[in-house]
Amino acid sequence: VQLVESGGGLAQPGESLRLSCVVSGLTLYTSTISWARQAPGKGLEWVSTIYSDGSVSNKDSIGGRFTIGRDIGMNTVYLRMNNLRPEDTGVYYCATGTARTLLAGEGHRGQGTQVTVSS
């Protein structure tokens with residue numbers, strides 16, 4: 001199983017980015033995928049999950065600014081991030097499983113993509 005993130009970069013406050021996570025070795029029809037982030041000097045923080053049935057769960061504090069989605073045919077999971085804030089800065093990871101398994105270090109995780117929000 002391999003997960004490869006892309007789409008990070010430098011954004012100004014209020015701008016948008018879309019992160020991609022290409023998954024190989026499993027199919028999204030039967031897999032749950034989550035996004036998490038790690039801000040400088042802080043621990044891993046769960047952000048969003050899309051379940052095998054397509055339902056989603058998001059961290060309340062994100063306030064609806066982020067949207068998780070997937071393309072089954074491309075075996076890719078996306079994280080659309082709108083109205084970015086400086087506190088969204090960090091390395092963003094996608095991983096197999098739920099928030100619980102991700103934060104427990106279980107399953108598979110990608111290498112991450114850096115998001116920096118600064119004016």
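A pocket is an open set of grid points with protein on both sides within 12 Å along at least five of seven lines.

**Figure 1. The largest pocket of the predicted model and its lining.** In this predicted model, the largest pocket has a volume of about 150 Å³. Residues Arg37, Gln38, Ala39, Lys42, Gly43 and Glu45 contribute to its lining, as do Pro86, Glu87, Thr89 and Gly90. Sorted by class, the lining of the largest pocket comprises 4 charged, 4 polar and 2 nonpolar residues.

Figure 2. Strand β1 spans residues 2-6 and includes Gln2. Beyond its neighbours within four places in sequence, Gln2 is in contact with Val22, Val23 and Ser24. Cys21 lies 19 residues from Gln2 along the chain, and the C-alpha atoms of the two are 9.7 Å apart.

**Figure 3. Arrangement of the secondary-structure elements.** The chain contains 10 strands and 1 helix. Read from the N terminus, the order of the elements is β-β-β-β-β-β-β-β-β-α-β. Among contacts with a separation of 6 or more, 55% join residues 24 or more positions apart.

**Figure 4. Overall dimensions and surface of the chain.** Along the principal axes, the C-alpha atoms fill a box of roughly 40 × 30 × 25 Å. Of the 119 residues, 40% count as buried. The chain exposes about 5,900 Å², of which carbon and sulfur atoms supply 47%.

Terms used
Residues numbered from 1 in each chain as written. Predicted model: local features only at pLDDT ≥ 70, side-chain atom pairs only at ≥ 80, totals over all residues. Heavy atoms only, no water. 1 Å grid on protein atoms, 1.4 Å probe; cavity = no way out; pocket = protein on both sides within 12 Å on 5 of 7 lines; lining within 4 Å. Points joined across faces, edges and corners; volume = space filled by probe spheres on them. Nonpolar A, V, L, I, M, F, W, Y, C, P; charged D, E, K, R; others polar. Helix = DSSP H or I, 4+ residues; strand = E, 2+ residues; numbered from the N terminus. Contact = heavy atoms within 4.5 Å. Buried < 20%, exposed > 50% of the residue type's maximum accessible area, 1.4 Å probe, protein only. Areas by Shrake-Rupley, 256 points an atom, 1.4 Å probe, with all protein chains shown as cover.
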